[in-house]
Amino acid sequence: MSKESLDKAADRSLRVVSLSRANSFSGTMSRESRKHEELKAHVRIIAASHFLPFSVAVAEATPEEPYQWTVSRRSGHTAMYAGIRSLNEHPNTDCTQLGWIGYYKGRDGQERACDSLSAESRANIVEALKPFDAVPVFIDEGTANGHYEGYSKQILWPLLHYMSWDDSRRMDPMWWSCYNKANQTFASAISAIYNEGDIVWIHDYHLLLLPEIFHQLKPAATIGLFLHAPFPSSELFRSLPNRKEILNGMLGSTSIGFQTYSYARHFLSSCTRVLGLESTPTGIDNNGSIVSIGVFPIGIDAKSVQARRALPSVQAKMKAMREMFANKRIIVGRDRLDEVAGIKQKLEAFEKLLETCPEWQNNVVLIQVTQPGQNRQPRLEAKISELVTSINSNYGSLEFMPVMYHNSFLDTDEYMALLNIADLCLITVIRDGMNTGSLEFVVCQEDKHSPLILSEFTGTAGSVSGAIQINPWDYLGVAQAIDTALRMGPEEKKVRYTEMYNHVMGHDAQNWAFTVIQDLRATVLAGQTNAETPHLDLPLMARRFAAAKKRLIMLDYDGTLTPITNVPAQALPPPDMLKALSKLCADPQSFVCVISGRDRQFLELHLGSIKGLALSGEHGSFIRYPGGEWINLLEDMDMEWKEEVMSIFRFYTERTAGSTIEAKETSITWHYRNADPEYGEFQAKECMNHLENAVVSKRPVETLVGKKCLEVRPLSVNKGEIVKRLVGANPEQWDFVLCAGDDKTDEDMFRSLRAIRLSIASNGYEANDNTHKGGTSKDSLPHYFTIMVGPADKKSAAAWHLVSSEKVVEALTCLAESDN
């Protein structure tokens, strides 16, 4: 690719991502220019797939160990491997392929596991693959069998292809263990060759746990995942016992790519229903970290197919086939012997054609090439054989059989010849990721322009617009489509073919791979991923705390001091938290306040017994200083709006099963945590629009979007305002300030403290950020520790993070003990 092409691609990638992502950057031209240059910068890609595209055999010269090796290309997955391989052809990318080496071939031609090989023989395999930019992963035979033949083929593949889970397909407990172990092995192998700045690109359903496992090893790594298989509806996917582990594994990615929008939509729905995460059409909020979702239909290596079809060996076979089927119209199909391939439906429809259109009898032949599927299916094989026999018996003769059924692997030259001479390609799959056979047919039809009949359930259907699309179960409809295609005139053939050809040539495997990588890089540069918040330096905070003479500690309750629960009333304070707060409040140098969205009755009941603890309820509407009475900060405010809001919330509660209303003194909250996840989100958006039009636009109130809830409260109320009240008019009085929270309402506290710290700096004090690890001076700022509870990549204005409420309690306990 030329430098000019790279510049255009970089511009396009940044522009598309910036416009489509909710969190995209919007800065000065200099920032955009810098990002543009970074997008064109050189990068190494580590492409991980289950198998390497190579196999190894013992060299004839080494009859004994340590063996030397010969390397050959492995068949299958040609589109994926072609796309990955093409990345080395671009001037700004290098690509290293990593995968399981599989079995090696001995000198006797027998395949053997690598388990028994010596360390030196394995090292020689590594050396033999280096010229091919390939790194082998060695997995013991038992693990490899449980991972691939077990969990991947027996559980994941059928489920992803819409074959529902049932007890007849019982899962061996060892399969899941092997699947996990194999993914762990891949993570270790990638980690061994990974350098900072590399992109890790993971492929397909064999490695769905790998993104999260590797993310734990290298949190700052850019990780792409592409699922070549379909993704089923959430109703079906939810039947998988390990559904949460699979989804969480995938969400360790920076970006996830799918073949079609419907597969991406099903994945988003599963994340919402199974994990309770919020999503948009382009991303998932994974506990504060945005995982980008994209659609990238794969193509084929079109130039390679063009070159292959022109070989003399292919031309010779074409001549022989034309003579064999002289004066016959040829329909071709090639599928795996699986239920989802739709071979049975194809034969039923072909029989219906011969029945309803007798003029095609003895004039048309269906050549069906079938190769072994994921699993042996004797019942399906018997049914297909029965149909073939029936059609040939009813409509054939000794001289001619209308169905030629070839149940084995077909030589590549014969397959190319067949695609070249065919008058029609018939694909009736019930479910497929991306049927690349249809694309190969298009490339091979440059001379004849024969039509393509394509099942609407293939991933290709949405992009190959010139094909005739059919429903495989509508046998009469498919038969009519075959009749229409065989009678199609040359002008319509050419128009349809031109559309298909232009798409296939313009969206080949090379373009697919480059587009995915550029989109992934642009996503990172456009700010879709967040700079990580550092983990709290507890020893530093303890030292600052111990040295301070006057301390202010402000803490959220739900999600910060206690874990979030589905039933709010069950979020009770744990004993160790009460003990830590009691110790901190007993110190006259520390002022501690719990600032919560809870009402004052709840806070009084569960925390009111702690001597010296200040409490603030309903997001700052009420405050109770130690030893004092509750003060209503909104006592003089007009609350007539509450009745209007309550009527709206009642309307949506009646129509949303599982939702509830929580009426507080100064605010009202509508909870939908226990409602259907997708319907709850939909109703929440509808409710918010209703509130905006009927109440918010006319009253001094605002709608706050929380965790599975909507809260309406007065405009002047938020946790940031109560922080300002507690800090006071003289913020310099505090030597140490600690503030911790976990959700959007707590960001008001963090922003208020940031503004206070900056105001202190503007008064002539040294600007000492709370992340500063150095020494202090007499004019240094108070030490501010703002702590977000959640993962490091969750967006927050806080300077530090802790992963859970349990860690917050541990930190408070540490402070309490260090003070004593």
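## Rings, charges and cores in a predicted model

Student: Let's start with a ring in this predicted model. Is Phe 132 buried, partly exposed or exposed?
Tutor: The relative accessible area of Phe 132 is 35%. Buried residues fall under 20% and exposed ones over 50%. Phe 132 therefore belongs to the class in between, partly exposed.

Student: How many aromatic pairs are there, and how is the pair of Phe 54 and Phe 132 classed?
Tutor: Searching the whole structure turns up 27 aromatic pairs. In the pair of Phe 54 and Phe 132, the ring centres are 5.0 Å apart and the planes make an angle of 45 degrees. Stacked pairs have planes under 30 degrees apart and edge-to-face pairs over 60, so the class of this pair is tilted.

Student: What is the angle between the planes of Phe 231 and Phe 237?
Tutor: Phe 231 is buried at 1% relative accessibility, and Phe 237 is buried with a relative accessible area of 1%. Their rings form a tilted pair, 4.9 Å centre to centre, and the angle between the planes is 35 degrees.

Student: Which residues have the most contacts inside the largest nonpolar core?
Tutor: As background, nonpolar side chains tend to be buried together in soluble globular proteins. Here the largest nonpolar core has 79 residues. The residues with the most contacts inside this core are Trp 201, Phe 231, Ile 246, Phe 258 and Phe 267.

Student: How many residues are in the other core, the one with Ala 580 and Val 594?
Tutor: That core lies apart from the largest one. Val 808 and Val 809 are also among its members, and its residue count is 40.

Student: Glu 711 is buried yet has no salt bridge; which side chain of opposite charge is nearest?
Tutor: Glu 711 belongs to strand E28 (residues 709–714). Its contacts include His 619, Lys 664 and Ser 667. The nearest side chain of opposite charge is 4.0 Å away, and it is that of Lys 664.

Student: Which side chain makes a polar contact of 3.0 Å with Glu 711?
Tutor: The residues that Glu 711 touches include Ile 668, Thr 669 and Ser 667. The polar contact of 3.0 Å joins the side chain of Glu 711 to that of Ser 667.

Student: How is Asp 748, the partner of Arg 751 in a salt bridge, classed: buried or exposed?
Tutor: Both residues lie in helix H26 (residues 744–762), three residues apart, about one turn of the helix. The closest N and O atoms of the bridge are 3.0 Å apart. Arg 751 is partly exposed at 44%. The relative accessibility of Asp 748 is 17%, which is under 20% and so counts as buried.

Student: What is the phi of Glu 618?
Tutor: Glu 618 is in the loop between strand E22 (613–617) and strand E23 (622–624). It counts as buried because its relative accessibility is 1%. Although Glu 618 is not a glycine, its phi is positive, at about 55 degrees.

Student: And where is His 449, whose phi is near 60 degrees?
Tutor: This is again a positive value in a residue other than glycine. At 19% relative accessibility, His 449 falls into the buried class. Its place is the loop between helix H16 (436–444) and strand E18 (452–455).

Student: Which residue has a side chain in polar contact with that of Thr 653?
Tutor: Thr 653 is in helix H23 (residues 641–654) and is partly exposed at 23%. It touches Ser 659, Ile 661 and Trp 670, leaving aside residues up to four places away in sequence. The polar contact, 3.0 Å between side chains, is with Trp 670.

Notes: Residues numbered from 1 in each chain as written. Predicted model: local features only at pLDDT ≥ 70, side-chain atom pairs only at ≥ 80, totals over all residues. Heavy atoms only, no water. Core = buried A, V, L, I, M, F, W, Y, C linked by side-chain atoms within 4.5 Å. Buried < 20%, exposed > 50% of the residue type's maximum accessible area, 1.4 Å probe, protein only. Helix = DSSP H or I, 4+ residues; strand = E, 2+ residues; numbered from the N terminus. Lys, Arg positive; Asp, Glu negative; His and termini not counted. Polar contact = N/O pair within 3.5 Å; in protein donor to acceptor, adjacent residues only side chain to side chain. Contact = heavy atoms within 4.5 Å. Phe/Tyr/Trp six-rings, centres within 6.5 Å; stacked < 30°, edge-to-face > 60°.
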